Structures are given as structure tokens and as C-alpha cells.
Amino acid sequence: MRTQTMENDLHLTTRHTVRDVVNLPAFAGFGKFILPLDRGRYDEAMPLERVASLLPYHSHVTAEAVVHTINDMVDKAASGELGFYDFYTDRQKQLDATKASTGLFFFRGKPGAPFAVICPGGGFSYVASIHEGFPHALALSQKGYNAFVLQYRVGGERIATQDLAAALSFIFENAAALAVSTKDYSLWGSSAGARMVARIGSYGAGVYGGADLPRPSTVVMAYTGHTDFTEQDPPTFAVVGDRDGIASPATMERRVNALRGAGVNVEFHVYRGVGHGFGLGNGTAAEGWLDDATRFWEDHSSSPSTPAAPSVRLS
């Protein structure tokens, strides 16, 4: 197991560059995973004011929000509230070099509280953690929940889902050391990431090479055209914008209706004037959806009370 706890660094501005983010001492060992650089085609000297160009499948990406998230993460790394873990062993990475491009960001909440694993989207060509992973995890950890953001391999749904299964197995195996409860955990995914969490919710981690684990208490799916399901699917919270040109709202509604017909509890929201990849949806009709999703998770947990937010920072 590997973790990082760093000293604070100067905060960045939109005038700083991709290189500055990658080389931040606070992010030593995982700086290359902060921005979506998986496609391998980017300019290290590009200022962060142009960061939206790194996320072609996403909307409502602002440089100011990205920099705010990065600076929050710098602070959390300094205080020990942010960790990064390898869930594949050195041996596994030696046998398959692609596994070196994986890891788990851990945003600490209340010790012993349930955890969420967040899988950002990116069309399996990049991992959009900076827009729909880290902001979600920061919000959940502020509510007292433990939140993980998955850095997975790009290239296809199956290998990405295998990474999610391996990451879940790692969390369960190391739950005591991580100080997280494995009871009532939830899976959150956006676009491509939503397909991954839906797969695990439907079929379990064991089908994708992980341990034989309990299914999540809740699956949260944002803007995906995924339609496969089983009658054993967990309660599902789904959101999409009515202007989504990638994940059809009509397709999502068909899945929701099919799930309801199978007896699965589903809550579905369509937001006016919102396109694909809206993240937290700040400044749009989708703003506040994460709070609704959290409430849905709490409603479908065996211990539905919200954990108290940490009163002191962890070291």
C-alpha cells in the first residue's frame, strides 16, 4: 500500500500551466493523473485558462473551477486528508505495464463512515477526474463520507471495469487501515464511468476479476446510454440534461422504466438546458443534484443517518 502526505504548496492560478500541475510537490507520485492527460496529446506549456480543451466530451468546464479544485487538493494533501493508493501490486504491474496508469485518490471523511467510489467519464479515452471526480469527492468528504476517485485504464469498458473491481477489492481488504466502513457503500459514475458502476451493480466485482463482494447499496449514474440491467440491480439514482447529444435522455428513460418494471427503486432527473458532461452542474439547472443523490444514498442505507463531518483535520 502506498500513500502520499505532502507539505502545502503555493496555490495555482489560471495562468499556471499543465506542467505546473504535474510537477506540484503536493502531488508527487500522482501529478500526471490530476488533469486528463491519458490521450497523450497535450502541450505541457498550455495555461490552465485553456483546460477545457483537454475535456472534449464535457461541458460547463471553467478554468476557475478547475484551479479551485486543484488548490483544495493541495491543501488536503498537506493536511493528510488526501491520499493516493496503488490497488495493483508491483508484480501485477510488471506482468501488465498498462496497470501502472491506475490508482485510487482517497478523500478522507469521518473515520468509520461509509465510502463512495467515483468513476469519471471521458469516453474511455481520458479520465475526467478534475471535472466529475475530484469535485464530487470533495463535496462528499465535506459531508463526512469517505470518497475514492478511480484512475482507471483507458481503451475500453471491460478493462476499465476490471480496474474498478480490483479497486473495490483493495478497499475491502484494507478497510481497517483506511478507516472506512464497507457497509452501505455506493458507486458513482458519469458517462463512461456510469457504465462501469452499472456493470458492477448488476453483476458484481467477481465477474470482472475482483473478489466476491457485496453489491453496492446505491448506484449513481450520470448521463450514460447504458441499458443493460438485472432484476437484482441496486437502487439507482440517474441524471441527464435534456440537451445531451451523447447520452440520449430518451435512452436513459427507457432504462429507468425497465428497471422500475423489474422492481428496482429508481430516481430519475432530467435538467433543462443542460448538455453532456456537466459535472456538478454549477450555474445550470442541474446544480444541487449531488445533494439529491446523497440523500437517495442515505435513504437506501441500512443506517441512513448522515455522518457528522470531521471536526478536525486528519494527520
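The crossing of H6 and H8 is right-handed, a crossing being left-handed if the near helix is turned anticlockwise from the far one by less than a right angle, and right-handed if clockwise. The model is a predicted one, in which local features need pLDDT of at least 70 and side-chain atom pairs count only at pLDDT 80 or more, while totals for chains, interfaces and linings use all residues. Residues are numbered from 1 along each chain as its sequence is written, and side-chain values use heavy atoms, with hydrogens and water left out.

Helices (H or I, at least four residues) and strands (E, at least two) are DSSP runs, numbered from the N terminus. Helix H6 (residues 157–173) packs against helix H8 (residues 192–203) at an angle of about 60 degrees, their axes lying 9 Å apart; that angle makes H6 oblique to H8. Axes here are lines fitted to C-alpha atoms, for helices over the stretch in contact, and angles run from 0 to 180 degrees between N-to-C directions; angles under 35 degrees count as roughly parallel, over 145 as roughly antiparallel, 65 to 115 as roughly perpendicular and the rest as oblique. On the H6 side the contact (heavy atoms within 4.5 Å) is made by Glu157, Ala160, Thr161, Leu164, Ala165 and Leu168, and on the H8 side by Arg195, Met196, Val197, Arg199 and Ile200.

Helix H2 (residues 63–79) has 17 residues, which at 1.5 Å a residue should span 24 Å, and this agrees with the 25 Å between its end C-alpha atoms; the expected span is 1.5 Å times one less than the number of residues. Among the buried residues of H2 are Val66, Val67, Ile70, Met73 and Val74, where buried means under 20% relative accessible area, exposed over 50% and partly exposed in between (1.4 Å probe, protein chains only). Their cover includes helix H1 (18–22), strand S1 (82–85), strand S2 (103–107), helix H4 (129–132) and helix H5 (134–142). Just after H2, Gly80 takes a positive phi of about 85 degrees.

A positive phi is also found at Phe124, about 60 degrees, although Phe124 is not a glycine. Phe124 lies in the loop between strand S3 (114–119) and H4, and its relative accessible area of 15% makes it buried.

Ser191, in the loop between strand S5 (181–190) and H8, is another residue other than glycine with a positive phi, near 55 degrees. At 13% relative accessibility Ser191 counts as buried. Leaving aside neighbours within four places in sequence, Ser191 is in contact with Gly121, Ala222, Tyr223, Thr224 and His276.
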